[in-house]
Amino acid sequence: PLPPTRRRRRRCTWLRRSLHTQAFIKKCVTLGEASRASLLLELPRLNLTRFVEEVATSVAEARLKLTDLPAALQVCSLMHRGYADFEPALTPLLITAAAAAAPPPPKPGHPPPTPETEQERSGRLARKRSSLRLLFELHAVGLAPQSPPLLKLLREVIAEDIATAEP
């Protein structure tokens, strides 16, 4: 067994690394041009092997604007280079986010659901748009090589758009 002082030092080191990792994951949720530099600086210094799924989830949950996509693409590229599990964890999450559909119409005999407000609708569509754009950007640079799920998703989006379009 290690002497008590070495155990304490080892525990402090582990705790410090864990805090840095959690801070990095939180920054990924607010991924954007403003946080790009700090994320790209911290990423090579951290060992995120155990946290790849958490990073993928935080990137997929990030409220990205179209101006933030280059930063997200750069972070995803760097994560993919360092961790082979990143792309398989990220792609399904982005597909799910991009496939977010409008609430279904009311069923006969059931009370109508509360209608989607304009703010909720615009938020859902903005998230859908940025997720789709990030997915196709990742595909263009070779990080999301699977074409069939992307094409299926694109067909669904087009069909939904046609169904909701005004004549």
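Student: What conventions apply to the residue numbers and to the values?
Tutor: Residues are numbered from 1 along each chain as its sequence is written. Because this is a predicted model, local features need pLDDT of at least 70 and side-chain atom pairs count only at pLDDT 80 or more, while totals for chains, interfaces and linings use all residues; side-chain values use heavy atoms, with hydrogens and water left out.

Student: How many helices and strands are there in the chain?
Tutor: Helices (H or I, at least four residues) and strands (E, at least two) are DSSP runs, numbered from the N terminus. From that end, the elements run α-α-α-α-α-α-α. The count is therefore seven helices and zero strands.

Student: What percentage of the residues in the chain is buried?
Tutor: Buried means under 20% relative accessible area, exposed over 50%, and partly exposed in between (1.4 Å probe, protein chains only). The chain has 167 residues, and the buried share of them is 32%.

Student: Among contacts between residues at least 6 apart in sequence, what percentage joins residues at least 24 apart?
Tutor: A contact means heavy atoms within 4.5 Å. Of the contacts in the chain between residues at least 6 apart in sequence, the share joining residues at least 24 apart is 75%.

Student: How many residues apart in sequence are the parts that K27 and E42 tie together?
Tutor: A salt bridge is a side-chain nitrogen of Lys or Arg within 4 Å of a carboxyl oxygen of Asp or Glu. The structure holds four of them, and in one the side chains of K27 and E42 meet at 2.3 Å, N to O. K27 lies in helix 1 (residues 4-29) and E42 in helix 2 (residues 33-42), so the parts tied together are 15 residues apart. K27 itself is partly exposed, with a relative accessibility of 27%.

Student: By how much of a helical turn are E33 and R36 separated?
Tutor: The side chains of E33 and R36 form a salt bridge of 2.9 Å, N to O. E33 is partly exposed at 37% relative accessible area, and R36 is partly exposed at 22%. Because they stand three residues apart in helix 2, their separation is about one helical turn.

Student: Which helix holds both R133 and E137?
Tutor: R133 and E137 form a salt bridge whose closest N and O atoms are 3.2 Å apart. R133 is partly exposed at 41% relative accessible area, and E137 is partly exposed at 26%. The two residues are four apart, about one turn, and both lie in helix 6 (residues 118-140).

Student: Which side chain of opposite charge is nearest to E87?
Tutor: E87 lies in helix 5 (residues 86-98). Beyond its neighbours within four places in sequence, E87 is in contact with H80, P92, L143, A144, P145 and Q146. Lys and Arg count as positive and Asp and Glu as negative, whereas His and the chain ends are not counted. E87 is buried and has no salt bridge; the nearest side chain of opposite charge, 14 Å away, is R81.

Student: Which helix gives the largest share of the lining of the second largest pocket?
Tutor: On a 1 Å grid over the protein atoms alone, a pocket is an open set of points where a 1.4 Å probe fits, with protein on both sides within 12 Å along at least five of seven lines; lining residues have an atom within 4 Å of a point. Twelve residues line the second largest pocket, and R121, L125, E160, D161 and T164 lie nearest its centre. Helix 6 and helix 7 (147-164) are the elements giving two or more residues to this lining. The largest share, six residues, comes from helix 6.
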